[in-house]
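Subject: Structure handover

Hello,

Here is the structure for your files. Please open it alongside this message.

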Amino acid sequence: MAGKAAAKIITEGKNYRRYKDGDATPGTWGEVIFQAGWSHKCPTYILRTPPCSASCPSGHDIRGWLDIIRGIEKPAAGVVWQEYAFRRMAESNPFPAIMGRVCPAPCEQGCNRNAVEEHVGINSVEHFIGDWAIENNVAFAKPESETGRRIAVIGGGPAGLAAAYFLRRRGHAVTLFEANAQLGGFMRYGIPEYRAPRAKLDAEIQRILDLGVTVKTNCRIGRDVSFAEIDRDFDAAFWGVGTHSGRGLPVPGWKGTPNCVAGISFLKAFNEGRLQAVTGRIIVVGGGDTSIDVASVARRLGHIESVSSQDRVEHIILGDTAHDVAGTVQRQGCHAVLTSLFPVNQMFAAKREIDDATREGVEIMGGVMPLEVLKGPDGRATGLKMCHCKMDGQNPVPVGGSEFVLEADLIVSAIGQTGDIEDLPELDNGRGFINADRSMRIPGKTKHFVGGDVVRPHLLTTAVGHGRIAAASIDDFLGGHDVGKRPKVDVHQFNLLNKLREANLEPEPYPGAGVRGTAEAKFAIHNFDDRASAEVIPQDGLFLGHFTENPRRHRGEHHIDAEVVIGNFEERLIPLTEADVVNEAKRCMSCGLCFECDNCVVFCPQTAVQRVAKKERTVGRYVYTEYSKCVGCHICYDVCPTGYIQMGMGE
Ligand SMILES: Cc1cc2nc3c(=O)[nH]c(=O)nc-3n(C[C@H](O)[C@H](O)[C@H](O)COP(=O)(O)OP(=O)(O)OC[C@H]3O[C@@H](n4cnc5c(N)ncnc54)[C@H](O)[C@@H]3O)c2cc1C
Ligand code: SF4
Ligand code: SF4
């Protein structure tokens, strides 16, 4: 029989054969299967991490919650599946309603189902469960005991809130300091409400605070409270201060020009309700999420004829003033141009966001670079000189003779941010960021940990993942344990032992030395190996031929056309129905964990593979092998769709 090296899945023509013709010269089947004395290997059951989880920066146990939703993993007694799925989600990320709307879902790119037809709609399932938990007022369980240790969390964005949540669950006292008036970080002051509805955000934040977090808003560490005071008064600190210093355009004329502003300042003024219209044409330079949000918000706000210099957008954005609502009633369509160094199909923003912005009337120009801010006699910008460019890696190379001018009343730079940490020289790595090791500890600062954008600007889910890891490291530090040992695959793992405990099927205590083997013993999970913290199961570890094509259920969207965009702040995404959520979960191939298809039981020629007795079953403990009957033919391995079986016993 062909060896494991030859066990490649052949996807050409979608026949998913494991072996090519000629890969194997098995001889007579009877010899191999029934008298294969040389095949000493028998099946073992190996838990591995699926690539969806490994690609989710917050480390969601995606397979786990999909298995719950489709009914394979049974909820604990008295808990409905929606709540059980929510609680599994919250083991890694307490914001499913927000993530389910705005996470660009790297998990979906990693999903093995892409090899069949299309990834599972993981993000839309998360959306549904997140909303369900809010609508049903699901709360987090308070910690069973208090440790008496005090932790300062600085920054109330996703990193800080996640750290606060995971630390409170461990019983530590958390004080959360936030410079703004409200918590949420860029979830509130960056991403507009039509993408991250504030009612959902408030509910998910409140659920964390209800665990008993002390909150100090309008309190900026480094200014209102010093680093030394934090260091002195707390047992440990987590810094999740984000990147709130917008980069200006590196072109002549930018610095000091009043109507040249940063994208995050524009969005903050809008999200605080102060900016209610734009005046004149707007150019947004960027290509990522922030630039799309600025241009799309500008289209929604619309343009007003400036009646006084105080109405000028820069006064609102850079000052603390607000637009006079009465003065902004007569709005017209605003001309918003978004420019990107990269061609449109290579822009960093999610494709869905680019398509929506285009539909809403944002003019998007890819492959162009700014050269100079042009100014009028009053010192205000009147336009941006640009040219076409080609990218050489990350560097734009101008195309000679391609210069042109875009007129503008407001130029917005959305080309990235650094940390606003001038007041915290103790932490600044000299480039406006804070360094972290693998355990999210700040090198050289024993009791200080960090996470989120200030380490590396990325996504909400990444900031949450950092908060989770940092909380675990802080807990290790406070407990006097080794900090820094993180698993190779650092995600939330399904734990079979915990599952058995939950079902009162926990193995008995180890009886001591002298016991050989585990076949008859009750002290171990027989021939099961948990390799999830070290191994990810790839597509070619599965038997894809088992799965028939089943198209993905897509969420609906309210498409807003350019003609009706002004004043339209309606949420765009329409959640899946419960039936579609269950169907979507059923598309999951449960990579790396048994999903009870019975293939191995049915195909074993020796009836060596048996179902575990009903009263002793849990997910992951559905079949076992009687080794006295097994002849090592590895048919069970070949027909297991999820790659849960490995011919390892006897090695
Ligand atoms: C416009 C925009 C759109 C985005 N869209 C998406 C998206 O669609 N999907 C996605 O996944 N990601 C998106 N992102 C990225 C995402 O928002 C960030 O990666 C994430 O918010 C980072 O979380 P954080 O907690 O590190 O920082 P932040 O969210 O920035 O939170 C940091 C908090 O710390 C506070 N703070 C700072 N300094 C101090 C101090 N000295 N004392 C006290 N408090 C302080 C700040 O006020 C802030 O509230 C977007 C970002 C922006 C700007
Ligand atoms: S947080 Fe993002 S990457 Fe993680 S499961 Fe949700 S959609 Fe996927
Ligand atoms: S099929 Fe399921 S378990 Fe496998 S990668 Fe996709 S979502 Fe994850």
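Predicted model: local features only at pLDDT ≥ 70, side-chain atom pairs only at ≥ 80, totals over all residues.

Residues are numbered from 1 along each chain as its sequence is written, chains are lettered from A and ligands numbered from 1 in the order in which they are written, and side-chain values use heavy atoms, with hydrogens and water left out.

Pocket

The second largest pocket has a volume of about 1,000 Å³. (A pocket is an open set of points on a 1 Å grid over the protein atoms alone, with protein on both sides within 12 Å along at least five of seven lines; lining residues have an atom within 4 Å of a point. Points are joined across faces, edges and corners, and a volume is the space filled by probe spheres set on them.) It is lined by 29 residues, with R87, E91, R169, H492 and N498 closest to its centre. Helices α4 (81–90), α8 (158–169), α16 (460–478) and α17 (496–502) each supply at least two lining residues. (Helices are DSSP runs of H or I, at least four residues; strands are runs of E, at least two; both are numbered from the N terminus.) The top contributor is α4, with 4 residues. By class, the lining has 11 nonpolar, 4 polar and 14 charged residues. (Nonpolar means Ala, Val, Leu, Ile, Met, Phe, Trp, Tyr, Cys and Pro; charged means Asp, Glu, Lys and Arg; the others, Gly among them, are polar.) Domain 1 (4–135 + 492–649) and domain 2 (150–244 + 419–478) each give at least three residues to this lining. The domain bounds come from an automatic or database domain assignment.

Cavities

There are 6 cavities of 30 Å³ or more. (A cavity is a set of grid points where a 1.4 Å probe fits but cannot get out.) The largest cavity holds about 110 Å³ of space. Of its 15 lining residues, C594, C597, C600, C640 and I645 are closest to the centre. The lining splits into 11 nonpolar, 2 polar and 2 charged residues.

Ligand shells

Around ligand 2 are C56, S58, H60, I62, C103, A105, P106, C107, I122, N123, E126 and T461. (A residue is near a molecule if one of its heavy atoms lies within 4 Å of it.) Helices α6 (106–110) and α7 (122–135) give two or more residues each. The largest share, 3 residues, is from α7. Ligand 3 has 13 residues around it, the closest being C52, C111, C588, M589 and C591. Its shell has 10 nonpolar, 2 polar and 1 charged residues.

Sheet

5 strands make an open parallel sheet, ordered β4-β3-β2-β5-β17. (Two strands pair if DSSP finds at least two bridges between them.) β4 (214–216) and β17 (448–450) are at the edges with a single partner strand each, so one side of each has no neighbour in the sheet. Strand β3 (residues 173–177) pairs with β4 in the parallel sense over 3 bridges. F177 has K216 in β4 as its bridge partner.

Backbone

Most residues other than glycine have a negative phi. N218 is not a glycine, yet has a positive phi of about 50°. N218 is in the loop between β4 and α11 (227–233). S590 also has a positive phi, near 50°. S590 is in the loop between α18 (578–586) and α19 (599–603).

Best wishes
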